[in-house]
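Subject: Structure handover

Hello,

Here is the structure you asked about. Please open it first, then read the notes below.

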Amino acid sequence: MSDRHARIESALGSPVESISALQGGCVAEVYRVRLARGGNLAVKLDAGGEAKLDIEGFMLGRLRDVGVRVPEVVHCEPSLLAMEYIENDGRRSTEGEAELGRIVAELHGHSAERYGLERDTLIGPLDQPNGWSDDWPAFYADRRIAVMADLAERRGSLPAGCRDRLRALCDRMPELIPNPNPPSLIHGDLWAGNILWHAGRPAALIDPAVYSADPEIELAFIDLMSGLGPAFWEAYHERRPIDEGFRASRCSLYQLYPLLVHAALFGGGYGASVDSIARRLA
């Protein structure tokens with residue numbers, strides 16, 4: 001028996017029949033585990049002990065508590081997360097995208113008194129500081145843009161002068177976001193790879209980065225990285241009308257955060273994309 005096999009059996013307290021690798025693994029290795037008693041689980045396993053998978057378990061639970069379809073957490077610790085296995089085939093449809101629009105709109109209907117969260121979370125493998133705030137422009141400037149820009153700069157992922165342009169942009173955040181929407185719970189990392197599809201319908205959302213935010217930041221993320229078509233946007237807008245100013249000015253402003261995350265993680269052209277937006281908004 002391999003160490004991996006034994007570790008999973010010990011955590012689950014149940015014999016394992018088979019283990020097979022799944023796609024993914026940005027934060028940890030991912031496996032489909034078939035139990036000897038029957039049934040399948042998806043298990044994330046971190047050999048290095050740095051993935052903080054207990055935080056992911058907490059975030060999945062927060063979404064599940066408000067009725068979002070996410071995998072049910074079976075076992076959770078910093079280096080191992082066992083979840084319900086969700087059947088998925090990657091097939092989506094126009095009707096399914098419209099259904100997802102309604103799901104996201106319903107999620108954003110769960111309001112909070114303040115922006116942020118009672119604890120820090122993660123976005124992918126990166127720390128995401130939260131705490132509570134009554135001031136969304138300041139929260140976005142200080143705990144999203146500044147934090148991730150500093151990390152991207154330390155990793156050499158930003159063009160010369162970009163960090164200074166972002167500092168100037170953060171100083172202008174109250175002007176750029178004069179009337180933020182009230183705080184809503186968001187998934188926080190809703191790109192294409194975190195939406196499971198099966199038989200044309202959205203089967204589940206995975207790998208969240210939850211907190212309470214102006215929901216436009218989620219829409220900007222979806223616009224940038226989900227590949228969803230008009231059916232999604234029309235269904236969302238029907239439930240939660242999207243302000244005209246979002247597309248005109250704030251969408252690119254909010255896309256700075258996921259682009260900075262990608263710059264910090266992967267480098268490449270993401271830093272140039274950040275700088276392009278910073279120059280344009282300046």
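A residue counts as buried when its relative accessible area is under 20%. Keep that cut-off in mind as you read. Also remember that this is a predicted model.

**Aromatic rings**

Start with F232. Its relative accessibility is 0%, so F232 is buried. Y236 comes out at 2%, so Y236 is buried as well. Both residues sit in helix α8, which spans residues 230-239. They are 4 residues apart, about one turn of the helix.

How many aromatic pairs does the structure hold? There are 9. F232 and Y236 make one of them, and this pair is stacked. Their ring centres are 6.3 Å apart, with 25° between the planes. F266 and Y270 form a tilted pair, because their planes meet at 50°. The centres of those two rings are 6.5 Å apart. Y270 has a relative accessible area of 30%, so Y270 is partly exposed.

Ring pairs also build a cluster. Its members are Y115, W136, F139, Y140, Y211 and Y254.

**Nonpolar cores**

Next, the inside. The largest nonpolar core has 75 residues. Which residues have the most contacts inside it? They are W136, Y140 and L166. Helix α9 (residues 244-266) gives the most to this core, with 11 residues. A second, separate core has 12 residues, including A11, L35, L45 and L80.

Take a closer look at Y140. Set aside its neighbours within four places in sequence. Y140 then touches I145, M173, I177, I217, L253, Y254, Q255, L256 and Y257.

**The sheet**

Now find the open sheet of 5 strands. Their order is β1-β2-β3-β5-β4, and the pairing is antiparallel. Which strands stand at the edges? They are β1 (16-21) and β4 (73-77). Each has a single partner strand, so one side of each has no neighbour in the sheet. From one strand to the next, the twist averages 25°.

Here is some background on how sheets are held together. Strands pair through backbone hydrogen bonds, and they can run parallel or antiparallel.

Look at β3 (residues 40-45) and β5 (residues 80-84). These strands run antiparallel and are joined by 5 bridges. A42 stands opposite M83 in β5.

Helix α1 (residues 3-12) lies across β1, β2 (29-35), β3, β4 and β5. Relative to β1, helix α1 runs at about 120°.

L158 lies in the loop between α4 (136-154) and α5 (162-171). Is L158 buried or exposed? Its relative accessible area is 15%, so L158 is buried. Beyond residues up to four places away in sequence, L158 touches A149, A152, E153, L166, L260, G271 and V274. L158 and D89 are 69 residues apart along the chain. Their C-alpha atoms are separated by 37 Å.

D275 belongs to helix α10 (residues 270-281). At 6% relative accessibility, D275 is buried too. Apart from neighbours within four places in sequence, D275 is in contact with P159, C162 and R165.

**Cysteines**

How many disulfides does a search of the whole structure find? It finds 0. A disulfide is a covalent bond between the sulfur atoms of two cysteines.

The cut-off is 2.5 Å. C170 has 15% relative accessibility, so C170 is buried. C76 is at 33%, so C76 counts as partly exposed.

**Positive phi**

K52 has a positive phi of about 55°, although K52 is not a glycine. K52 sits in the loop between β3 and α2 (53-65). With a relative accessible area of 33%, K52 is partly exposed.

A199 also has a positive phi of about 55° and is not a glycine. A199 is found in the loop between β11 (195-198) and β12 (201-205). Its relative accessible area is 48%, so A199 is partly exposed.

Best wishes

Terms used:
Residues numbered from 1 in each chain as written. Predicted model: local features only at pLDDT ≥ 70, side-chain atom pairs only at ≥ 80, totals over all residues. Heavy atoms only, no water. Buried < 20%, exposed > 50% of the residue type's maximum accessible area, 1.4 Å probe, protein only. Helix = DSSP H or I, 4+ residues; strand = E, 2+ residues; numbered from the N terminus. Contact = heavy atoms within 4.5 Å. Pairing = 2+ DSSP bridges. Axes fitted to C-alpha atoms, helices over the stretch in contact; angles between N-to-C directions. Core = buried A, V, L, I, M, F, W, Y, C linked by side-chain atoms within 4.5 Å. Phe/Tyr/Trp six-rings, centres within 6.5 Å; stacked < 30°, edge-to-face > 60°.
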